[in-house]
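The structure is shown first, and the description follows.

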Amino acid sequence: MKAIRLLEEKRNARKLSRRLADTAKLPRLHEDSVRRLHTAWTEMNKAAESDRAEHSGKHKEINKAERTLLYRIQLDAERANRNNMTRTEAYRAIYFRCPELHWALLAHMVSRNGGWNMTDLQGDLLPRLLPEEQRRSDFLLLERANALIFSDAYPQLLLYEAGKRNGMNYSHLLPELGVSSFMSCVWAQFWQRKETALLTTALIVNEQHFIEKRVVEQPFYKEHVLSKLVFQLQSPLQTNAVFMPYGSPVAGQMKLAGLVLEDFSSLQERIEFGKRLYAILFGVPEVFEGVLAFVRAVPHTGSRADYAPHLFASRRSGGRQPKRYSERLNGCGLINGAKPLYSPVLEAAWSDEPFERAGGEDWMQWAGGIEQYFESLPLPPIFEITNEHCLGINKVELAVMGAERLQSGMP
(Lines give C-alpha, C1' and ligand atoms only; values in the text may rest on other atoms or scores of the structure.)
Protein backbone atom coordinates (compact mmCIF):
# COMPACT_ATOMS: atom_id res chain seq x y z
CA MET A 1 0.00 0.00 0.00
CA LYS A 2 2.83 2.39 0.83
CA ALA A 3 4.52 1.60 -2.50
CA ILE A 4 1.31 2.19 -4.46
CA ARG A 5 0.78 5.48 -2.65
CA LEU A 6 4.36 6.50 -3.46
CA LEU A 7 3.77 5.91 -7.18
CA GLU A 8 0.56 7.95 -7.04
CA GLU A 9 2.31 10.79 -5.26
CA LYS A 10 5.13 10.73 -7.81
CA ARG A 11 2.57 11.31 -10.55
CA ASN A 12 0.87 14.07 -8.54
CA ALA A 13 4.23 15.70 -7.82
CA ARG A 14 5.07 15.74 -11.51
CA LYS A 15 1.73 17.40 -12.33
CA LEU A 16 2.14 20.02 -9.60
CA SER A 17 5.72 20.68 -10.69
CA ARG A 18 4.60 21.19 -14.29
CA ARG A 19 1.95 23.67 -13.18
CA LEU A 20 4.50 25.66 -11.19
CA ALA A 21 7.08 25.42 -14.00
CA ASP A 22 4.64 26.98 -16.47
CA THR A 23 5.18 30.33 -14.73
CA ALA A 24 8.95 29.95 -14.31
CA LYS A 25 11.46 32.52 -15.46
CA LEU A 26 14.80 30.91 -14.83
CA PRO A 27 18.02 32.75 -13.91
CA ARG A 28 20.35 32.93 -16.93
CA LEU A 29 24.07 32.54 -17.37
CA HIS A 30 25.14 34.85 -20.20
CA GLU A 31 27.71 33.30 -22.53
CA ASP A 32 29.69 36.51 -22.94
CA SER A 33 30.09 36.93 -19.18
CA VAL A 34 31.08 33.29 -18.73
CA ARG A 35 33.71 33.66 -21.47
CA ARG A 36 35.09 36.74 -19.73
CA LEU A 37 35.43 34.77 -16.51
CA HIS A 38 37.15 31.87 -18.26
CA THR A 39 39.67 34.30 -19.73
CA ALA A 40 40.24 35.91 -16.32
CA TRP A 41 40.74 32.49 -14.67
CA THR A 42 43.25 31.45 -17.34
CA GLU A 43 45.27 34.64 -16.98
CA MET A 44 45.11 34.39 -13.21
CA ASN A 45 46.42 30.80 -13.25
CA LYS A 46 49.32 31.80 -15.50
CA ALA A 47 50.19 34.68 -13.19
CA ALA A 48 49.96 32.41 -10.15
CA GLU A 49 52.32 29.88 -11.74
CA SER A 50 54.75 32.67 -12.50
CA ASP A 51 54.55 33.93 -8.91
CA ARG A 52 55.20 30.44 -7.54
CA ALA A 53 58.17 30.02 -9.84
CA GLU A 54 59.63 33.29 -8.57
CA HIS A 55 58.64 32.53 -4.95
CA SER A 56 56.96 35.91 -4.74
CA GLY A 57 53.36 35.30 -3.64
CA LYS A 58 53.00 38.98 -2.78
CA HIS A 59 49.58 40.51 -2.29
CA LYS A 60 48.68 44.08 -3.06
CA GLU A 61 49.48 46.32 -0.12
CA ILE A 62 46.53 47.34 1.99
CA ASN A 63 46.07 50.48 4.04
CA LYS A 64 45.09 50.94 7.67
CA ALA A 65 41.39 51.46 6.92
CA GLU A 66 41.28 48.25 4.88
CA ARG A 67 43.11 46.34 7.61
CA THR A 68 40.53 47.56 10.14
CA LEU A 69 37.70 46.53 7.82
CA LEU A 70 39.15 43.02 7.45
CA TYR A 71 39.48 42.69 11.23
CA ARG A 72 35.84 43.66 11.76
CA ILE A 73 34.66 41.26 9.07
CA GLN A 74 36.62 38.38 10.55
CA LEU A 75 35.31 39.19 14.03
CA ASP A 76 31.69 39.38 12.83
CA ALA A 77 32.06 36.11 10.94
CA GLU A 78 33.53 34.34 13.97
CA ARG A 79 30.67 35.52 16.19
CA ALA A 80 28.03 34.43 13.69
CA ASN A 81 29.68 31.02 13.22
CA ARG A 82 28.75 29.86 16.72
CA ASN A 83 26.17 27.29 15.62
CA ASN A 84 23.65 26.46 12.92
CA MET A 85 21.06 28.92 14.27
CA THR A 86 23.42 31.91 14.27
CA ARG A 87 24.72 31.05 10.80
CA THR A 88 21.23 30.65 9.38
CA GLU A 89 20.14 33.99 10.79
CA ALA A 90 23.28 35.72 9.45
CA TYR A 91 22.48 34.52 5.93
CA ARG A 92 18.88 35.71 6.27
CA ALA A 93 19.85 39.14 7.55
CA ILE A 94 22.43 39.90 4.87
CA TYR A 95 20.05 38.80 2.11
CA PHE A 96 17.45 41.33 3.25
CA ARG A 97 20.15 44.01 3.41
CA CYS A 98 21.51 43.07 -0.03
CA PRO A 99 18.79 41.25 -2.03
CA GLU A 100 21.07 41.04 -5.06
CA LEU A 101 23.00 38.37 -3.11
CA HIS A 102 20.76 35.48 -4.18
CA TRP A 103 23.19 32.95 -2.78
CA ALA A 104 22.55 34.23 0.75
CA LEU A 105 18.86 33.29 0.61
CA LEU A 106 19.69 29.92 -0.94
CA ALA A 107 22.30 29.33 1.77
CA HIS A 108 19.76 30.32 4.42
CA MET A 109 17.36 27.62 3.22
CA VAL A 110 20.08 24.96 2.92
CA SER A 111 21.31 25.91 6.40
CA ARG A 112 17.78 25.54 7.78
CA ASN A 113 17.73 22.03 6.39
CA GLY A 114 21.11 21.38 7.96
CA GLY A 115 19.65 22.34 11.33
CA TRP A 116 16.61 20.10 10.84
CA ASN A 117 18.89 17.19 9.97
CA MET A 118 20.96 17.87 13.09
CA THR A 119 17.95 17.81 15.40
CA ASP A 120 16.49 14.71 13.69
CA LEU A 121 19.42 12.86 15.25
CA GLN A 122 17.93 13.58 18.69
CA GLY A 123 14.24 13.38 17.79
CA ASP A 124 11.68 10.60 18.04
CA LEU A 125 12.81 8.36 15.19
CA LEU A 126 16.54 8.26 14.38
CA PRO A 127 17.72 7.58 17.96
CA ARG A 128 15.79 4.30 17.70
CA LEU A 129 17.74 3.36 14.56
CA LEU A 130 21.22 4.74 15.21
CA PRO A 131 23.52 4.32 18.23
CA GLU A 132 24.64 7.45 20.03
CA GLU A 133 28.20 7.31 18.66
CA GLN A 134 26.92 7.15 15.07
CA ARG A 135 24.55 10.05 15.63
CA ARG A 136 27.37 12.11 17.12
CA SER A 137 29.54 11.41 14.05
CA ASP A 138 26.68 12.36 11.72
CA PHE A 139 26.19 15.61 13.61
CA LEU A 140 29.90 16.42 13.37
CA LEU A 141 29.80 15.96 9.58
CA LEU A 142 26.78 18.26 9.24
CA GLU A 143 28.24 20.83 11.62
CA ARG A 144 31.69 20.83 10.02
CA ALA A 145 30.39 21.24 6.46
CA ASN A 146 27.92 23.93 7.59
CA ALA A 147 30.55 25.85 9.55
CA LEU A 148 33.30 25.60 6.93
CA ILE A 149 31.11 26.91 4.13
CA PHE A 150 30.02 29.78 6.34
CA SER A 151 33.61 30.62 7.34
CA ASP A 152 34.55 30.96 3.68
CA ALA A 153 31.44 32.52 2.15
CA TYR A 154 30.08 34.88 4.80
CA PRO A 155 33.20 37.12 4.93
CA GLN A 156 32.91 37.48 1.15
CA LEU A 157 29.33 38.70 1.54
CA LEU A 158 30.32 41.12 4.31
CA LEU A 159 33.17 42.48 2.20
CA TYR A 160 30.80 43.11 -0.69
CA GLU A 161 28.30 44.79 1.64
CA ALA A 162 31.03 47.07 3.01
CA GLY A 163 32.09 47.97 -0.53
CA LYS A 164 28.50 48.71 -1.50
CA ARG A 165 28.10 50.94 1.56
CA ASN A 166 31.38 52.78 0.92
CA GLY A 167 31.12 52.85 -2.87
CA MET A 168 34.38 50.89 -3.25
CA ASN A 169 35.35 47.59 -4.86
CA TYR A 170 37.23 45.60 -2.22
CA SER A 171 37.78 42.48 -4.35
CA HIS A 172 41.56 42.85 -3.99
CA LEU A 173 41.16 42.12 -0.26
CA LEU A 174 39.72 38.63 -0.78
CA PRO A 175 43.11 36.86 -0.60
CA GLU A 176 43.57 38.39 2.88
CA LEU A 177 40.45 36.48 3.94
CA GLY A 178 41.80 33.21 2.57
CA VAL A 179 39.29 33.14 -0.28
CA SER A 180 40.10 31.10 -3.39
CA SER A 181 41.56 33.01 -6.32
CA PHE A 182 38.58 31.60 -8.26
CA MET A 183 36.27 34.04 -6.48
CA SER A 184 38.49 37.12 -6.91
CA CYS A 185 37.73 37.12 -10.63
CA VAL A 186 34.04 36.51 -10.00
CA TRP A 187 33.59 39.36 -7.53
CA ALA A 188 35.60 41.76 -9.69
CA GLN A 189 33.27 41.05 -12.61
CA PHE A 190 30.18 41.23 -10.40
CA TRP A 191 31.08 44.79 -9.47
CA GLN A 192 31.06 45.66 -13.16
CA ARG A 193 28.04 43.67 -14.40
CA LYS A 194 25.94 42.82 -11.32
CA GLU A 195 24.91 39.43 -12.78
CA THR A 196 23.41 37.64 -9.81
CA ALA A 197 23.01 34.26 -11.53
CA LEU A 198 26.71 34.09 -12.38
CA LEU A 199 27.77 35.10 -8.87
CA THR A 200 25.39 32.57 -7.29
CA THR A 201 26.59 29.74 -9.52
CA ALA A 202 30.21 30.61 -8.79
CA LEU A 203 29.59 30.59 -5.04
CA ILE A 204 27.92 27.17 -5.32
CA VAL A 205 30.93 25.85 -7.25
CA ASN A 206 33.39 27.49 -4.84
CA GLU A 207 31.85 26.27 -1.59
CA GLN A 208 31.46 22.66 -2.73
CA HIS A 209 35.08 22.57 -3.87
CA PHE A 210 36.07 24.21 -0.58
CA ILE A 211 34.66 21.34 1.52
CA GLU A 212 35.70 18.53 -0.86
CA LYS A 213 39.12 17.85 0.66
CA ARG A 214 38.40 19.45 4.03
CA VAL A 215 35.31 17.33 4.81
CA VAL A 216 34.16 14.84 2.17
CA GLU A 217 37.60 13.29 1.62
CA GLN A 218 38.70 13.49 5.24
CA PRO A 219 39.45 9.98 6.63
CA PHE A 220 37.34 10.47 9.79
CA TYR A 221 34.14 11.35 7.92
CA LYS A 222 34.75 8.72 5.22
CA GLU A 223 35.19 6.00 7.83
CA HIS A 224 32.64 7.00 10.45
CA VAL A 225 29.87 8.53 8.32
CA LEU A 226 30.06 8.30 4.54
CA SER A 227 30.89 4.59 4.36
CA LYS A 228 28.16 3.54 6.80
CA LEU A 229 25.17 1.66 5.42
CA VAL A 230 22.72 3.97 7.19
CA PHE A 231 24.24 7.01 5.45
CA GLN A 232 24.08 5.24 2.10
CA LEU A 233 20.36 4.59 2.74
CA GLN A 234 19.68 8.31 3.03
CA SER A 235 18.43 8.60 -0.55
CA PRO A 236 15.61 6.03 -0.31
CA LEU A 237 14.69 7.36 3.14
CA GLN A 238 14.93 10.98 1.89
CA THR A 239 16.86 12.13 4.93
CA ASN A 240 19.34 14.00 2.70
CA ALA A 241 16.82 16.23 0.96
CA VAL A 242 16.55 20.02 0.98
CA PHE A 243 13.00 21.24 1.53
CA MET A 244 11.93 24.85 0.97
CA PRO A 245 8.57 25.65 2.62
CA TYR A 246 6.46 27.90 0.41
CA GLY A 247 3.06 27.52 2.08
CA SER A 248 1.62 28.89 5.29
CA PRO A 249 3.11 26.89 8.19
CA VAL A 250 -0.21 26.07 9.84
CA ALA A 251 -1.98 22.75 10.21
CA GLY A 252 -2.72 21.13 6.88
CA GLN A 253 -1.18 23.87 4.72
CA MET A 254 2.37 22.60 4.36
CA LYS A 255 3.86 23.06 0.88
CA LEU A 256 7.42 22.05 0.10
CA ALA A 257 9.60 22.48 -2.95
CA GLY A 258 13.01 20.88 -3.15
CA LEU A 259 15.17 17.95 -4.16
CA VAL A 260 16.76 14.79 -2.80
CA LEU A 261 20.56 14.57 -3.03
CA GLU A 262 21.40 11.08 -4.25
CA ASP A 263 25.15 10.99 -3.53
CA PHE A 264 26.69 13.45 -1.08
CA SER A 265 30.19 12.12 -1.81
CA SER A 266 30.00 13.27 -5.46
CA LEU A 267 31.36 16.80 -5.96
CA GLN A 268 29.68 17.16 -9.34
CA GLU A 269 26.32 16.02 -8.00
CA ARG A 270 26.45 18.43 -5.07
CA ILE A 271 27.14 21.33 -7.43
CA GLU A 272 24.37 20.39 -9.86
CA PHE A 273 22.05 19.89 -6.89
CA GLY A 274 22.79 23.44 -5.70
CA LYS A 275 22.22 24.89 -9.15
CA ARG A 276 18.83 23.18 -9.46
CA LEU A 277 17.79 24.40 -6.02
CA TYR A 278 18.72 27.91 -7.12
CA ALA A 279 16.63 27.55 -10.28
CA ILE A 280 13.64 26.39 -8.21
CA LEU A 281 13.96 29.10 -5.58
CA PHE A 282 14.55 32.10 -7.84
CA GLY A 283 12.97 30.81 -11.04
CA VAL A 284 9.49 29.77 -9.87
CA PRO A 285 7.50 32.81 -8.65
CA GLU A 286 5.10 30.94 -6.35
CA VAL A 287 7.97 29.15 -4.64
CA PHE A 288 10.06 32.32 -4.26
CA GLU A 289 7.21 34.39 -2.86
CA GLY A 290 6.14 31.64 -0.49
CA VAL A 291 9.68 30.97 0.75
CA LEU A 292 10.26 34.68 1.28
CA ALA A 293 7.06 34.95 3.35
CA PHE A 294 8.09 31.90 5.39
CA VAL A 295 11.60 33.26 6.00
CA ARG A 296 10.21 36.61 7.13
CA ALA A 297 7.58 35.10 9.44
CA VAL A 298 9.23 32.02 10.97
CA PRO A 299 12.51 32.25 12.90
CA HIS A 300 14.81 29.26 12.54
CA THR A 301 14.90 27.09 15.67
CA GLY A 302 16.17 23.81 14.23
CA SER A 303 12.86 22.07 14.93
CA ARG A 304 10.80 20.75 12.01
CA ALA A 305 7.82 22.23 13.84
CA ASP A 306 8.94 25.47 12.16
CA TYR A 307 7.32 24.36 8.90
CA ALA A 308 5.12 21.39 9.94
CA PRO A 309 3.54 22.10 13.36
CA HIS A 310 0.76 19.61 12.56
CA LEU A 311 3.34 16.77 12.43
CA PHE A 312 6.11 17.86 14.78
CA ALA A 313 6.41 19.43 18.23
CA SER A 314 9.50 21.12 19.62
CA ARG A 315 8.76 19.78 23.11
CA ARG A 316 8.22 16.16 24.00
CA SER A 317 4.71 15.55 25.26
CA GLY A 318 4.18 13.16 28.14
CA GLY A 319 7.67 13.33 29.62
CA ARG A 320 10.24 10.71 28.63
CA GLN A 321 10.37 8.88 25.36
CA PRO A 322 8.46 5.57 25.62
CA LYS A 323 10.53 2.39 25.27
CA ARG A 324 8.49 1.09 22.36
CA TYR A 325 7.46 3.22 19.42
CA SER A 326 3.79 3.30 18.36
CA GLU A 327 2.76 4.14 14.79
CA ARG A 328 1.61 7.75 14.46
CA LEU A 329 1.81 8.78 10.81
CA ASN A 330 -0.75 8.51 8.06
CA GLY A 331 0.71 10.17 4.98
CA CYS A 332 0.94 13.90 5.64
CA GLY A 333 -1.12 13.68 8.82
CA LEU A 334 -1.29 11.91 12.13
CA ILE A 335 -3.38 8.88 13.00
CA ASN A 336 -6.40 9.94 15.06
CA GLY A 337 -5.31 10.52 18.63
CA ALA A 338 -1.59 10.27 17.87
CA LYS A 339 0.81 12.83 19.32
CA PRO A 340 3.15 14.85 17.06
CA LEU A 341 6.68 13.60 16.56
CA TYR A 342 9.27 15.18 18.81
CA SER A 343 11.60 17.48 16.86
CA PRO A 344 13.75 19.44 19.33
CA VAL A 345 15.13 22.91 18.86
CA LEU A 346 18.85 22.96 18.12
CA GLU A 347 19.97 24.19 21.54
CA ALA A 348 18.10 21.30 23.20
CA ALA A 349 19.65 18.75 20.84
CA TRP A 350 23.33 19.71 20.62
CA SER A 351 25.77 21.97 22.41
CA ASP A 352 27.94 24.38 20.40
CA GLU A 353 30.92 22.78 18.70
CA PRO A 354 34.15 24.86 18.75
CA PHE A 355 35.14 25.84 15.24
CA GLU A 356 38.61 24.98 13.96
CA ARG A 357 39.91 27.02 11.07
CA ALA A 358 40.51 25.18 7.83
CA GLY A 359 43.93 24.97 6.30
CA GLY A 360 44.71 23.52 2.92
CA GLU A 361 45.64 24.83 -0.49
CA ASP A 362 43.52 26.89 -2.85
CA TRP A 363 41.27 24.36 -4.59
CA MET A 364 42.00 26.02 -7.93
CA GLN A 365 45.38 24.29 -7.78
CA TRP A 366 43.82 20.83 -8.12
CA ALA A 367 40.36 21.32 -9.63
CA GLY A 368 39.59 20.87 -13.30
CA GLY A 369 36.65 21.09 -15.64
CA ILE A 370 34.89 23.94 -13.84
CA GLU A 371 33.61 25.28 -17.17
CA GLN A 372 30.94 22.55 -17.25
CA TYR A 373 29.15 24.11 -14.28
CA PHE A 374 28.48 27.39 -16.10
CA GLU A 375 26.49 26.10 -19.05
CA SER A 376 22.90 26.29 -17.72
CA LEU A 377 20.64 26.51 -14.66
CA PRO A 378 18.09 23.75 -15.34
CA LEU A 379 14.75 23.29 -13.61
CA PRO A 380 14.25 19.64 -12.58
CA PRO A 381 11.09 17.85 -13.81
CA ILE A 382 9.87 17.17 -10.26
CA PHE A 383 10.43 19.67 -7.45
CA GLU A 384 7.06 19.90 -5.66
CA ILE A 385 7.72 17.23 -3.08
CA THR A 386 5.33 17.87 -0.19
CA ASN A 387 3.72 14.44 -0.20
CA GLU A 388 6.96 12.71 -1.14
CA HIS A 389 8.52 14.23 1.97
CA CYS A 390 5.67 12.89 4.09
CA LEU A 391 6.14 9.43 2.62
CA GLY A 392 9.84 9.69 3.39
CA ILE A 393 9.04 10.28 7.07
CA ASN A 394 6.59 7.37 6.90
CA LYS A 395 9.41 5.14 5.59
CA VAL A 396 11.64 6.11 8.50
CA GLU A 397 8.80 5.30 10.89
CA LEU A 398 8.32 1.90 9.25
CA ALA A 399 12.07 1.27 9.56
CA VAL A 400 11.87 2.05 13.28
CA MET A 401 8.95 -0.31 13.83
CA GLY A 402 10.63 -3.04 11.78
CA ALA A 403 13.87 -2.69 13.75
CA GLU A 404 12.01 -2.91 17.06
CA ARG A 405 10.17 -6.04 15.92
CA LEU A 406 13.46 -7.68 14.97
CA GLN A 407 15.01 -6.79 18.31
CA SER A 408 12.06 -8.20 20.23
CA GLY A 409 11.84 -11.32 18.10
CA MET A 410 8.27 -10.53 17.00
CA PRO A 411 7.08 -11.75 13.56
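In this predicted model, helices α6 and α9 are oblique to each other, because their axes meet at about 135 degrees, and an angle counts as roughly antiparallel only over 145 degrees. Helix α6 covers residues 132–166 and helix α9 residues 219–226, and their axes lie 9 Å apart. The crossing of α6 past α9 is left-handed. On the α6 side the contact is formed by Q134, S137, D138, L140, L141 and R144, and on the α9 side by F220, Y221, H224, V225 and L226.

**Overall composition**

The protein holds 15 helices and six strands. Its chain has 411 residues, of which 52% count as buried. Of the contacts between residues at least 6 apart in sequence, 78% join residues at least 24 apart. The accessible surface amounts to about 19600 Å², and carbon and sulfur atoms account for 51% of that area.

**Further helix pairs**

Two packed helices are described by the angle between their axes and the distance between those axes.

| Helix pair | Crossing angle | Axis distance |
|---|---|---|
| α6 and α9 | about 135 degrees | 9 Å |
| α3 and α6 | roughly 135 degrees | within 9 Å |
| α7 and α8 | roughly 165 degrees | within 10 Å |

Helix α6 also packs with helix α3, which spans residues 64–80; the two axes come within 9 Å and cross at roughly 135 degrees. That angle makes α3 oblique to α6. Here the crossing is right-handed, whereas the crossing of α6 past α9 is left-handed. From α3, residues L69, I73, D76, A77 and A80 meet F150, Y154, P155, L158, L159 and A162 of α6. This contact consists of 10 nonpolar residues and one charged residue, with no polar ones.

Helices α7 (residues 181–193) and α8 (residues 196–216) have axes that cross at roughly 165 degrees and come within 10 Å. The pair is therefore roughly antiparallel. Its crossing is left-handed. The α7 residues F182, M183, V186, W187, Q189 and F190 meet T196, L198, L199, A202, L203, V205 and N206 of α8.

**Individual residues**

Within α6 itself lies N146. This residue counts as buried, because its relative accessibility is 13% and the limit for burial is under 20%. Apart from neighbours within four places in sequence, N146 contacts N84, R87, S111 and M118.

Y170 is placed in the loop between α6 and α7. With a relative accessibility of 7%, Y170 is likewise classed as buried. Leaving out residues up to four places away in sequence, Y170 touches E66, L69, L159, A162, G163 and W191. Among these, L69 belongs to the α3 side of the contact between α3 and α6, and L159 and A162 belong to the α6 side. The C-alpha atoms of Y170 and Q156 are 9.8 Å apart in space, and the two residues are 14 apart in sequence.

K194 is located in the loop between α7 and α8. Most residues other than glycine have a negative phi. K194, although not a glycine, has a positive phi of about 50 degrees. Its relative accessible area of 37% makes K194 partly exposed.

K323 is found in the loop between strands β3 (312–313) and β4 (329–330). At 85% relative accessibility, K323 counts as exposed. Which residues does K323 contact, leaving aside its neighbours within four places in sequence? The contacts are with R128 and E404. K323 and R128 are separated by 195 residues in sequence, yet their C-alpha atoms lie 9.4 Å apart in space.

Note on methods: Residues numbered from 1 in each chain as written. Predicted model: local features only at pLDDT ≥ 70, side-chain atom pairs only at ≥ 80, totals over all residues. Heavy atoms only, no water. Helix = DSSP H or I, 4+ residues; strand = E, 2+ residues; numbered from the N terminus. Buried < 20%, exposed > 50% of the residue type's maximum accessible area, 1.4 Å probe, protein only. Contact = heavy atoms within 4.5 Å. Areas by Shrake-Rupley, 256 points an atom, 1.4 Å probe, with all protein chains shown as cover. Axes fitted to C-alpha atoms, helices over the stretch in contact; angles between N-to-C directions. Parallel < 35°, antiparallel > 145°, perpendicular 65-115°, else oblique. Left-handed = near helix turned anticlockwise from the far one by under 90°. Nonpolar A, V, L, I, M, F, W, Y, C, P; charged D, E, K, R; others polar.
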